[in-house]
Amino acid sequence: MVRTTMLVGGKRLMAKVAYVFLISLSIWSYASGAIACACCADVGDRFVEGVKLDTVEEDILNAIVFAKTAEISTGPRSLDEIEGIEIQSLPLLLTVSKEQKLWTFTFDDRLGNVGDLKFAMPENLTKFQVDPRALAGSKHIGEGTQLYIEWRLTARAEGDGMLSNSVGGDQRATLIIHGRGNHCPAVSDFNAWSLVLHGSKSQLTLFGGLNLES
């Protein structure tokens with residue numbers, strides 16, 4: 001009799017343990033799904049907002065790797081029509097030095113013309129995220145829609161050398177990193193950059209790749 005009672009009690013205990021385990025598993029699955037859905041993007045999503053740089057954005061910006069070359073676009077004008085830009089060969093060699101909140105972009109045309117652009121990291125950035133509503137066959141991330149993403153940072157344009165006529169005064173430099181992703185950013189989302197110099201002196205765009213294999 002005692003043995004039978006112990007067996008019945010043991011089965012009840014095991015049943016309770018199994019029940020608690022199933023409930024815990026259900027709660028964990030629901031929470032995981034909620035987190036995943038918080039990252040998911042939906043068809044028609046559009047988000048444009050200025051935000052303060054926090055540690056998440058700073059960590060991503062500090063982790064991105066610039067490709068070793070850069071191209072240049074001057075819009076409807078040619079390089080010869082922009083005074084002070086002594087560039088004789090494209091693509092330009094590029095090195096980027098990151099020291100705390102000051103980034104230095106060094107451009108070299110490999111024919112003796114070199115220029116540094118000093119970019120003081122601002123406190124805020126503008127996030128632009130939009131569903132491009134591409135044609136059928138576009139890529140998706142998990143169960144969500146893949147957004148086109150830009151992070152834009154603007155600071156005074158300061159530098160020297162081949163870019164001397166496109167910096168100083170009221171000239172500004174807007175650094176843009178481009179990519180595809182959802183509402184939870186990661187370094188791997190970004191694959192391109194643009195650096196726009198704009199103001200009363202001149203406007204031109206330097207651009208290249210990010211996070212590419214050597």
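This is a predicted model: local features need pLDDT of at least 70, side-chain atom pairs count only at pLDDT 80 or more; totals for chains, interfaces and linings use all residues.
Strands here are DSSP runs of E with at least two residues, numbered from the N terminus. By that count, Ser-97 sits in strand 3, which covers residues 92-99.

Overall, the protein chain is made up of two helices and 13 strands. It has 214 residues, and 36% of them count as buried. Its accessible surface comes to about 12900 Å², with 57% of that belonging to carbon and sulfur atoms. As for how the chain meets itself, take the contacts between residues at least 6 apart in sequence: 61% of these join residues at least 24 apart.

Back to Ser-97. Its relative accessibility is 32%, so Ser-97 counts as partly exposed. Setting aside neighbours within four places in sequence, Ser-97 is in contact with Leu-102, Trp-103 and Thr-104. Strand 4 spans residues 102-108. A further pair worth a look is Ser-97 and Lys-118: they are 21 residues apart along the chain, and 9.7 Å separates their C-alpha atoms.

Lys-118 leads on to strand 5 (residues 114-120), where the side chains alternate. Gly-115, Leu-117 and Phe-119 point to one face and are buried. Strand 5 pairs with strand 4 in the antiparallel sense, over seven bridges. Within that arrangement, Asp-108 has Val-114 of strand 5 as its bridge partner. The hairpin formed by strand 4 and strand 5 has five residues between the strands, and Arg-110 there takes a positive phi near 65 degrees. Strand 5 also pairs with strand 10 (residues 158-159), again in the antiparallel sense, over two bridges. Here the bridge partner of Lys-118 is Glu-158 of strand 10.

Past strand 10, the loop that runs on to strand 11 (172-181) holds Gln-171. With a relative accessible area of 0%, Gln-171 is buried. The side chain of Gln-171 reaches the backbone nitrogen of Lys-201 at 3.0 Å. Lys-201 also turns up among the contacts of Gln-171 once neighbours within four places in sequence are left aside. That list takes in Arg-156, Ala-157 and Ser-166, along with Leu-197, His-198, Gly-199, Ser-200 and Ser-202.

A polar atom of the Thr-145 side chain lies 3.4 Å from the backbone nitrogen of Val-43.

Helix 2, finally, runs over residues 55-63, and its buried residues are Glu-57, Ile-60 and Leu-61. Looking down the helix axis, these buried residues fall within an arc of 100 degrees, so they line one face of helix 2. The face turned away from the buried side carries the exposed residues Thr-55 and Asp-59. At the start of helix 2, a side-chain oxygen of Asp-54 reaches to within 3.0 Å of the backbone nitrogen of Val-56.

Terms used: Residues are numbered from 1 along each chain as its sequence is written. Side-chain values use heavy atoms; hydrogens and water are left out. Buried means under 20% relative accessible area, exposed over 50%, partly exposed in between (1.4 Å probe, protein chains only). Helices (H or I, at least four residues) and strands (E, at least two) are DSSP runs, numbered from the N terminus. The arc is that of the directions from the helix axis to the C-beta atoms. A polar contact is a pair of N or O atoms within 3.5 Å; within protein, one must be able to donate a hydrogen and the other to accept it, and residues adjacent in sequence count only if both atoms are side-chain atoms. Contact means heavy atoms within 4.5 Å. Accessible areas come from the Shrake-Rupley method with a 1.4 Å probe; for residues, only the protein chains shown count as cover. Two strands pair if DSSP finds at least two bridges between them.
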